[in-house]
Amino acid sequence: MTNTVRYRTRGRIAIISLDNPPVNALGFQTRAGLRNCYRQALADETVDAILLTSEGRLFCGGADIAEFGTDLTWRDPALPQLCDELEDSGKPLIAAIGGMALGGGLELALACDYRICDASARLGLPEVHLGLLPGAGGTQRLPRLANVGLALDMITSGQPIGATEAASSGLVDRVAEGDLLAAALAFAQELLDSDAPVRSCADLTVDMGQLPERYFNDFRAGIARKTRGYFAPECCIQAIEAACELPLAQGLEKERELFNACLDTPQARAQQHLFFAERAANRVPGVDPKTPARSIRQVAIVGAGTMGGGIAMNFANAGIPVKLLELKEDALARGLAQIRGNYEISAARGRLTERQVQERMTLLQGTLDYDDLADADLVIEAVFESLEVKRAVFEKLDQVCKPGAILASNTSTLDLDRIASFTRRPGDVIGLHFFSPANVMRLLEIVRGRQTADDVIVTALNVARTIRKVPVVVGVCFGFVGNRMLEPYAREAHRLLLEGATPAQIDRVLTDFGLAMGPLSMYDLAGIDVGFMVRESRRDAIGHDPSYNLIADRLYALGRYGQKTGRGFYIYEGRDKREDPELLALAQTIAGELGIERREISDREVLERCIYMLINEGAQILDEGIACRSGDCDLVWVNGYGFPAWRGGPLQYADEIGLEPVLEAIRHYRESLGSYGEMWFRPSPLLERLVAEGKRFSC
Ligand code: 3HC
Ligand code: NAI
């Protein structure tokens, strides 16, 4: 017996409890402890039935992810063998599931004879989010116990289901009312009293009766867009197909083969890196995580435009009342109408009921009067991107807001410390940089000013959790982490056009790499005018390069703002876009004016110049302490900029391919691109140091 698994008896029933906080992960020690307890219960003649349950707030978070890549994963008893052994119990073995049962945790339960869960239980197989498939029988037992459709949905989406659905599908036998342990003991006694048999999935086959012939291929086609680039989802499907075709033992073999094919891959490492990065992002150097947070019950947003409206929706969705302040009645009415319109679209798509729309709209209250903000615990400013406009807003907030209210800015480019200085309470000022559309995008950059108080940072992290965002705490600089990294990436895309690449080539190379959208299509979507305004505000930093995004400046002058005007880097007809010969001619003309030699550009060059410059800027940001960890830069780019999660983010990608080739390529372009190369292709000192020391970004 070990201290991560407990054993006790109640009458003739043995109770084995997982007790390995925080999530009862099934590391080697816990697996060994569980097997010992189980064997003890089987050997004990005074025990007639066995309950497998847990201490703490959840049943089990699955295999210990930190063990992957070490020899502990397969150290006897490995999880699949443990599950097989449970399946063979000679006495009724009942899983009593309180809270979450995920991954290997659910697989343990599936190998038991019976399952009971409490009403709040959530059952899931989220391995696909880690670049894996369930590897301890989940793909074989779930379709046998429930059905193929549920297994495909749960395993390829990684989304858990609740107790009611679990009961109606046959995944659990009973939902406990009241105390789980008492209900589970009563259930065990009932089974004994009725001489209920031990059960094995080996005796079950998957019910294929109603399935159309092309069932699996249709399913594949249905998820193809969402799973583009990912390796694991197809393996999940193949494993479930095997469950339909093979006896359990052979199906389990196939599952293991597919699991092993996923385990030691760059994708699995990338996705597991993001799992740990998301958790690490909640730890902020120098801030005690136990610092008491401020309570946020009432939120106010200043500015009901594109961002303000979306930000407000996040809070209404979480049940938090929001006041929306605008300067004029018509702007306020427009903002509220836009929000209602967004909710109505969700209702029309069946994602919300009309009642939910009403409830959310009731939480939103418009106002033109700053005095109405006096009771707000958190105010988020989302007005025009002008320091003077922001000064007026923050001075006013400083006058009307109660002491202790957090004053946040959604600025994307302005100096947060300047904004804080407009108030007499800079410790209460923080940046909350949402991404557009703010009700959809998961990323939230939390900008820590020079004087931002620790409890304000801790509160901001809590707020992010409440509104289901991925928070990343960043320092103050132009563009913070995300937009600052975007800059060299986009600069190269623009410059490559002048050197001879086409928009279609550049976008294709980067979408083939896995980005959700190519950089030039992205600028067409965001608005060429928006990019122009940003450049205008920083000509001092870019003016030394006459070619700097010049083609975009010319498009702006021509009124070609992108999708909104039907022309930008491409021509748009409805949702379709096509290449524009005039744009290609414009690139040629500008190249002539600047004396840039045009040549054929290889796909490899497009990729290296855009992606390696992105990596280089990430290194620079790390070196300056604007981001605390490489994982933070990765989270920003995966959750805010469509970088493929299966590559783990730009810095994880660099770690995977090796920093040396990245550095070498940057040095190569520094030489080969002449004065342009000298201007921009400066390797980050951190990158050089890491290469010299044979290290990686990720520790
Ligand atoms: N292995 C190792 N560590 C884990 C873990 C796991 N399966 N699950 C969570 N942790 C760690 C986290 O890293 C975190 O550590 P930290 O405090 O040092 O940062 C700590 O446990 C608490 O985790 P959370 O902050 O995420 O706690 P929450 O309460 O918010 O969420 C949870 C709990 C829903 C269980 C969430 O942690 C989670 O989703 N865990 C991963 C579940 C999962 O993917 N399971 C499948 C594992 S792979 C598998 O089982 C393979 C099998 O098929 C063979
Ligand atoms: P917007 O122009 O759509 O909305 C701004 C709103 O603020 C308008 O409705 C305007 O009437 C209102 N407003 C202006 N001055 C005001 C004042 N003194 N008091 C009250 N309301 C006032 O602008 P958008 O795009 O929503 O941007 C807002 C802020 O969010 C900016 O700081 C911008 O940099 C930032 N941001 C924008 C992103 C985007 O993609 N649009 C992304 C991330 C941040």
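Biologist: Which side-chain atom of Arg279 lies by an oxygen atom of ligand 1, and how far away?

Modeller: A polar contact is a pair of N or O atoms within 3.5 Å. Here a polar side-chain atom of Arg279 is 2.6 Å from an oxygen atom of ligand 1. This is a predicted model, where local features need pLDDT of at least 70, side-chain atom pairs count only at pLDDT 80 or more, and totals for chains, interfaces and linings use all residues. Residues are numbered from 1 along each chain as its sequence is written, and side-chain values use heavy atoms, with hydrogens and water left out.

Biologist: What do Glu107 and Gly61 place by ligand 1?

Modeller: Glu107 has a polar side-chain atom 2.7 Å from a ligand oxygen atom. Gly61 uses a backbone N or O atom, 2.9 Å from a nitrogen atom of ligand 1.

Biologist: How much of ligand 1 does the protein bury?

Modeller: Accessible areas come from the Shrake-Rupley method with a 1.4 Å probe. Ligand 1 taken alone exposes 990 Å², and the protein buries 75% of that.

Biologist: Which residues come nearest to ligand 1?

Modeller: A residue is near a molecule if one of its heavy atoms lies within 4 Å of it. There are 24 residues around ligand 1, and Arg57, Gly104, Glu107, Glu127 and Arg279 come nearest.

Biologist: Which helix gives the most to that shell?

Modeller: Helices are DSSP runs (H or I, at least four residues), numbered from the N terminus. Helix 11 gives the most, with three residues.

Biologist: How do the shell residues divide into nonpolar, polar and charged?

Modeller: Asp, Glu, Lys and Arg count as charged, and Gly is among the polar ones. The shell has 13 nonpolar, five polar and six charged residues.

Key
Chains lettered and ligands numbered in written order. Polar contact = N/O pair within 3.5 Å; in protein donor to acceptor, adjacent residues only side chain to side chain. Helix = DSSP H or I, 4+ residues; strand = E, 2+ residues; numbered from the N terminus.
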